[in-house]
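Hi,

Here is the structure I promised to pass on. Have a look at it first, and my notes on what turned up follow below.

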Amino acid sequence: MNKDIQHYPTMRPTILLLLAAMAAGSAQAQLPARPSWEEAQATKPSMARPSGLRPTAPLNSPKPARQEQGDPNIISDTPEGTLTDNTYNSSSAFYQTPFGMAMETTIDGTIGAYVKDANGNYYIKNPISKIRTDTWIKGTLKGDTIYFETPQCLMMSEDQGSRQAYYVYNMRLNENQTNFVPDSVERCVKFVASGDQLRQVSPGIMGLTTQAGAWTGYGDYDLTIRPQTDQATAMPQGVDFKPYILSYDNSYGTRSGVKCSVAMEGGTFYLQGLCKEMGDNCIYGHFDGSTVSVDMPLYLGPDMEHGYHLYAFGAVSEIEADETGRPQEHTYLANHLSFGYDPSDASFTSDSVLVLNMGKRDFYYLYGYRRPQLRPYAPKAGQPAKAVFSDYMAYTKADGYGGIKFVLPEFSTSGDYLVQDSLFYNMYFDGQLYTFDQPLYRNVDEPMTDVPASYADGYDFVTKDLVRTVYYYSDLSTIGVQMVYKYDGMTMKSDIVTLNLKEVAGIHDTPGDKRVVSTTYFDLSGRRVSGDARGVVIRRQLFDDNTTATSKIIRP
């Protein structure tokens with residue numbers, strides 16, 4: 001076998017052995033990473049429909065394609081008439097999971113629109129809540145009811161060169177209650193207009209299907225479309241906003257930072273620029289000289305990228321028993337958040353959670369900041385905090401390589417935010433400072449000892465958020481990582497953190513007399529599984545002192 005090919009296989013396996021608990025096991029319980037679109041919306045399933053629905057034409061990750069000549073008629077331009085734009089929509093909805101089943105959930109706060117023309121016709125934009133097509137369906141007003149006759153073509157989708165048309169149908173359950181089929185008797189989806197609000201009243205679902213009427217797993221019922229009446233607060237003119245860093249606990253057991261701006265005007269506190277989705281709008285609260293009190297929810301405007309209205313909330317966590325009686329941690333939206341003010345450094349601190357949420361009724365967060373702290377931002381030199389190991393893959397002769405993952409720090413040891421472009425790292429293989437070079441590291445143009453924190457070649461060096469993955473090509477005993485910060489003519493280094501690869505055989509429970517208050521289980525892809533799942537399972541325990549521990553369990 002060619003040696004180069006052995007060293008450079010065409011695909012990397014996913015690093016599976018988890019070391020996340022090395023950091024998180026002794027840290028405060030973290031707000032979880034943002035769940036997938038499907039997982040997040042499955043928090044409040046309706047009991048109105050049977051479980052086990054299996055669509056006949058699964059459509060995973062649909063990608064609407066541009067309309068071409070010869071395609072079925074699709075209403076893609078805004079119809080003429082009276083437009084009610086950026087509506088606030090809510091419904092009960094179905095979506096197809098990657099496992100081929102259809103799950104049911106509630107949807108709240110999606111952005112839509114409708115048009116009423118001079119002839120009494122109505123047009124609804126994005127009628128399927130889980131798929132944003134930016135197209136319309138047409139209905140006709142008869143009496144007090146709007147009839148949307150189906151099928152109507154909603155979108156074209158293209159996958160590997162094959163184009164497929166998808167339609168809206170009025171659908172009902174089949175006799176076995178395992179799937180939805182087009183309703184052959186009632187072909188119309190019905191809405192009633194009440195003032196400026198539209199409400200779906202037909203008994204079936206408004207489902208997305210193939211041209212032949214095979215259900216794809218997507219659909220809505222009890223859809224309500226109403227004007228958005230909440231008003232966002234834009235940045236006030238003439239107010240002096242100062243640069244700040246909002247730091248918060250991340251899911252790696254460290255602190256992350258976000259650049260933002262803070263202003264004080266009279267007795268009002270303003271926070272702006274946490275994310276691009278909030279635009280120029282602000283979170284604001286009342287300041288009494290020692291405490292900032294923020295009443296929520298606060299509307300932050302339409303997030304057109306994700307298709308939801310964005311709100312700021314506080315959040316609280318509670319321990320509740322699940323259906324099996326096991327204690328589980330649940331997070332709920334709260335209508336208040338407070339920051340304590342420290343005049344010595346003009347900082348603001350909260351022990352709660354600041355949530356930027358999609359919609360205002362269900363916990364479905366876009367960003368979550370646990371234990372947020374706001375401090376004035378001024379770049380400066382300082383000793384970087386240490387890296388934190390997260391995952392590893394052992395070296396094997398068969399593969400010819402191993403891999404290591406670690407989390408970069410964003411702050412110095414004194415709590416100052418680091419200029420990320422000035423951050424580097426050194427690696428120590430078996431205690432020796434290592435220089436990356438060809439031929440082992442074929443994408444490195446010049447010998448590299450100080451590796452830029454942002455460096456990635458997509459092969460030997462991989463970046464994702466704060467996590468860095470580096471592959472190595474010999475049977476090492478230890479790997480060390482040292483952070484290097486070069487700023488304002490100074491070079492400062494962190495302590496070296498070292499992982500003994502020969503001793504890492506598993507992750508063990510945290511010892512002591514702590515009481516377990518909740519236990520959750522995950523597979524190696526990070527998906528939540530039941531406690532009796534077989535194979536390799538990761539168990540996460542939350543203790544009564546708010547620490548966590550993770551262990552790897554192998555069940556044959």
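Strand 34 runs antiparallel to strand 36 (residues 497-500), and four bridges join the two; strands here are DSSP runs of E with at least two residues, helices are runs of H or I with at least four residues, and both are numbered from the N terminus. Two strands are taken to pair if DSSP finds at least two bridges between them. In strand 36, Leu499 is the residue opposite Ile479.

Before I go on: this is a predicted model, in which local features need pLDDT of at least 70 and side-chain atom pairs count only at pLDDT 80 or more, while totals for chains, interfaces and linings use all residues. Residues are numbered from 1 along each chain as its sequence is written, and side-chain values use heavy atoms, with hydrogens and water left out.

Back to strand 34, which covers residues 478-487 and has seven of its 10 residues buried. "Buried" is under 20% relative accessible area, "exposed" is over 50%, and "partly exposed" is in between (1.4 Å probe, protein chains only). Strand 34 also pairs with strand 29 (residues 423-429), antiparallel and over seven bridges, and there Phe429 has Ile479 as its bridge partner. Strand 35 (residues 490-493) is another antiparallel neighbour, joined to strand 34 by four bridges, with Val484 opposite Lys493. Strands 34 and 35 make a hairpin with two residues between them, and Asp488 in that turn has a positive phi of about 55°.

There is a further hairpin to look at. Strand 32 (residues 461-464) and strand 33 (residues 467-472) run antiparallel and are joined by four bridges. Lys464 faces Val467 across this pair. Two residues separate the strands, and Asp465 has a positive phi near 55°.

Most residues other than glycine have a negative phi, and most peptide bonds are trans.

- Asn86 has a positive phi of about 50°; Asn86 is in strand 3 (residues 82-96) and, at 26% relative accessibility, is partly exposed.
- Ala346 has a positive phi near 55°; Ala346 is in the loop between strand 23 and strand 24 (347-349), and its relative accessible area of 22% makes it partly exposed.
- The Thr150 to Pro151 peptide bond is cis, with omega near 10°; Pro151 is in the loop between strand 7 (145-149) and strand 8 (152-159).
- The Gln438 to Pro439 peptide bond is cis too, with omega near 10°; Pro439 is in the loop between strand 30 (432-433) and strand 31 (451-452).

Now the aromatics. Rings of Phe, Tyr and Trp (its six-membered ring) pair if their centres lie within 6.5 Å; planes under 30 degrees apart are stacked, over 60 edge-to-face, and the rest tilted. That rule gives 35 aromatic pairs. In one of them, Phe287 and Tyr341 have ring centres 5.2 Å apart and planes at 85°, so they are edge-to-face. Phe287 is in strand 18 (residues 282-287) and Tyr341 in strand 23 (residues 336-342), so this pair ties together parts that are 54 residues apart in sequence. Phe287 is buried at 15% relative accessibility, whereas Tyr341 is partly exposed at 25%.

Tyr434 and Tyr441 are also edge-to-face, because their ring centres are 6.2 Å apart and their planes are at 70°. Tyr434 is partly exposed at 22% relative accessibility, and Tyr441 is buried at 1%. Both belong to a cluster linked by ring pairs, whose members include Tyr401, Phe429, Phe436 and Tyr455.

Lys130 has its charged end over Tyr95, 4.9 Å from the ring centre, and Lys142 lies over the face of Tyr147 at 5.5 Å.

What about disulfides, how many are there? The search of the whole structure finds zero, taking a disulfide as a pair of cysteine sulfur atoms within 2.5 Å. Among the cysteines, Cys188 is buried at 14% relative accessibility and Cys282 is buried at 1%.

For the whole picture, the protein chain has three helices and 40 strands, and 48% of its 556 residues are buried.

Cheers

How values were computed
A charge sits over a ring if NZ of Lys or CZ of Arg is within 6 Å of the ring centre and within 35 degrees of the ring normal.
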